Amino acid sequence: MGEEKKNATIYDVAAAVGVSLATVSRVVNGSQNVRPATRDKVLAAISDLGYRPNAVARGLASKKTTTVGVVMPDMTNLFYSELTRGIDDVANMYQYDVLLTNTDDDPKRALTAVRNLADKQIDGLLFMGSQLSDEVLRAIQATGVPVVLAGSVDQGRVLPSVNIDYRAAFCEVTADFLKAGNERIALILGSTDRAIDQDYRRAGYVQALEDAKQTVDEGLIFAGARSYQYGKDLAEAIDQTGASAVVAYDDEVALGILNGLQDMGKRVPEDVSIVSANNTTFTMVARPEISSIDQPKYDIGAVAMRLLTKLMDKEKLDEAQVLLPYTMVKRQSTK
């Protein structure tokens, strides 16, 4: 048995059988327009030579690629890792390849990522992350392929999306803190301008305060990077506000705040209570364990991918803005 060629090309297959490149291409793409005897010879040569047709080239020949582009803000963040698992499982079920790009939550990188994916002849696009600037939105729409947002929103609700009701969740957490007697509640967001932070998370927090006839103190609202270090650095500023409760948009940030406060000698939850928003492993490895809003992370990714398969098959969506249920998980960081 001869040694398998590592990089056999379509030219090698055509030469071995004595047929044209077009004939090999037709066999690879399942065209019926080839004599059975010829097809058998081409398939045998493909097997003998170890030829693996490139998925994008195969897609171009059949005018349909098999690739879905996925834009995510942070591969290392457990929240997005779980979402991506849901995306990948459903993509595999429908035999789509997933092309993953990481943007570090930077709008400029997101713009480049979307344009690069469009150049790669993708069939559809899944966009994750809270940073959806007007420029990125325009670039997404310019790709001309179906797009679904996962764990992300656009202000105009133009694109199909899968999320939880962030506004209701942040309103509920804030209202629970107020009922428990907390008068000063710190809110930690990712930005001062993103729709998901301002129109949903902050709006829910403000609504709870207004419902309780409380005034909004801007000094209690913070925004910054999705990192442990940001949370740790924030602990002193939160302490100086006199806040007795904290609502944080990200688990890694919440863990940083927890450790920062405890390093300063503050007790959680006796002095300060903390609720986070993603319920990843970080909330359970923390001591004390952190109470959290639990989003169905895997399901958000899986449902978003399923919506995208429908759009790519030209099916009509029953519902374009999907809100999945969330739950509250109480742990030791709240009284």
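You are looking at a predicted model, where local features need pLDDT of at least 70, side-chain atom pairs count only at pLDDT 80 or more, and totals for chains, interfaces and linings use all residues. Residues are numbered from 1 along each chain as its sequence is written, and side-chain values use heavy atoms, with hydrogens and water left out.

Now show strand E3 (residues 124–128) beside E4; the two pair in the parallel sense over four bridges. Strands here are DSSP runs of E with at least two residues, and helices are runs of H or I with at least four, numbered from the N terminus. Two strands pair if DSSP finds at least two bridges between them.

From Ala 150, step across to Val 162 in E5, which stands opposite. Strand E5 (residues 161–163) runs parallel to E4, joined by two bridges.

Then move to the open, mixed sheet of six strands, ordered E7-E6-E8-E9-E10-E12. Its edge strands, E7 (221–223) and E12 (327–329), each pair on one side only.

Finally, pick Val 275 and its bridge partner in E10, Ser 291. Strands E9 (residues 273–276) and E10 (residues 291–294) run parallel, joined by two bridges.
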